[in-house]
Amino acid sequence: MSFKIISTYTSQDGEQDGILFRISEVNPEWEHKGILSHITTNLMRKGYLKDDQSVNIPNLIDLLNQANIIIKKESDNFSNFDTFFSGKIEFPSGKQQDIYIAQNETGRFTIMLPEDY
């Protein structure tokens, strides 16, 4: 049995629709470094954007570090990779929240809230 793809929705589509934020917008060098590429804008609104909607870079770096720690722990020090990870992070407000980290079509990962999945 074969299936015909009817449509696709790429990370680039998500960026254009305002659903995804590409982390390399903060630092273009991140485009080819690391395993994380996007964050949902819903998650970005949890303390990673300032009142003027610019990125709060220290908070964003903390989020990226927390996501990397989850992946490192769940992948046995990056040696046993999967396409999906989950764990708990601390928002800038101090509130703890589960997040999902899912591989996207680029081969890299998008960080999101469970309701964004």
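Biologist: Which pattern does the protein follow when read along the sequence?

Modeller: This is a predicted model, in which local features need pLDDT of at least 70 and side-chain atom pairs count only at pLDDT 80 or more, while totals for chains, interfaces and linings use all residues. Residues are numbered from 1 along each chain as its sequence is written, and side-chain values use heavy atoms, with hydrogens and water left out. Helices (H or I, at least four residues) and strands (E, at least two) are DSSP runs, numbered from the N terminus. There are three helices and five strands, and read along the sequence they follow the pattern α-β-β-α-α-β-β-β.

Biologist: What is the radius of gyration of the protein, and what would a compact globule have?

Modeller: The radius is taken over C-alpha atoms, and the globule rule is 2.2 Å times the number of residues to the power 0.38. For 117 residues a compact globule would come out near 13 Å, which agrees with the protein's value of 15 Å.

Biologist: What does the C-alpha trace span along its principal axes?

Modeller: The trace belongs to a protein of 117 residues. Along the principal axes it spans about 50 × 35 × 30 Å.

Biologist: How much of the protein do buried residues make up?

Modeller: A residue is buried under 20% relative accessible area, exposed over 50%, and partly exposed in between (1.4 Å probe, protein chains only). Of the 117 residues, the buried ones make up 34%.

Biologist: What share of the contacts with a separation of 6 or more is between residues 24 or more positions apart?

Modeller: Contact means heavy atoms within 4.5 Å. Among contacts with a separation of 6 or more, residues 24 or more positions apart account for 44%.

Biologist: Which residues is L43 in contact with, leaving aside neighbours within four places in sequence?

Modeller: L43 is one of the residues with the most contacts inside the largest nonpolar core. Leaving those neighbours aside, L43 touches Y48, L63, F91, I111, M112, L113 and D116.

Biologist: Is L113 buried or exposed?

Modeller: L113 lies in the segment after strand 5. Beyond its neighbours within four places in sequence, its contacts include T40, L43 and F91. The C-alpha atoms of L113 and I99, 14 residues apart along the chain, are separated by 4.8 Å. With a relative accessible area of 0%, L113 is buried.

Biologist: Where is S75, and is S75 buried or exposed?

Modeller: S75 sits in the loop between helix 3 and strand 3. Leaving aside neighbours within four places in sequence, S75 is in contact with N80, F81 and F85. Because its relative accessible area is 0%, S75 is buried.

Biologist: Is K73 buried or exposed?

Modeller: K73 is placed in helix 3. K73 and F85 are twelve residues apart in sequence and 9.7 Å apart in space, C-alpha to C-alpha. At 71% relative accessibility, K73 is exposed.

Biologist: What is the phi of Q53?

Modeller: Q53 is found in the loop between helix 2 and helix 3, and it is exposed, with a relative accessible area of 53%. Most residues other than glycine have a negative phi. Q53 has a positive value, near 75 degrees.

Biologist: What is the phi of F78?

Modeller: F78 is in the loop between helix 3 and strand 3. At 35% relative accessibility, F78 counts as partly exposed. Its phi is positive, in a residue other than glycine, and near 65 degrees.

Biologist: How far apart in space are Q16 and Q53, C-alpha to C-alpha?

Modeller: Q16 lies in helix 1 (residues 11-16) and counts as exposed at 61% relative accessibility. Q16 and Q53 are 37 residues apart in sequence, and in space their C-alpha distance is 17 Å.

How values were computed. Core = buried A, V, L, I, M, F, W, Y, C linked by side-chain atoms within 4.5 Å.
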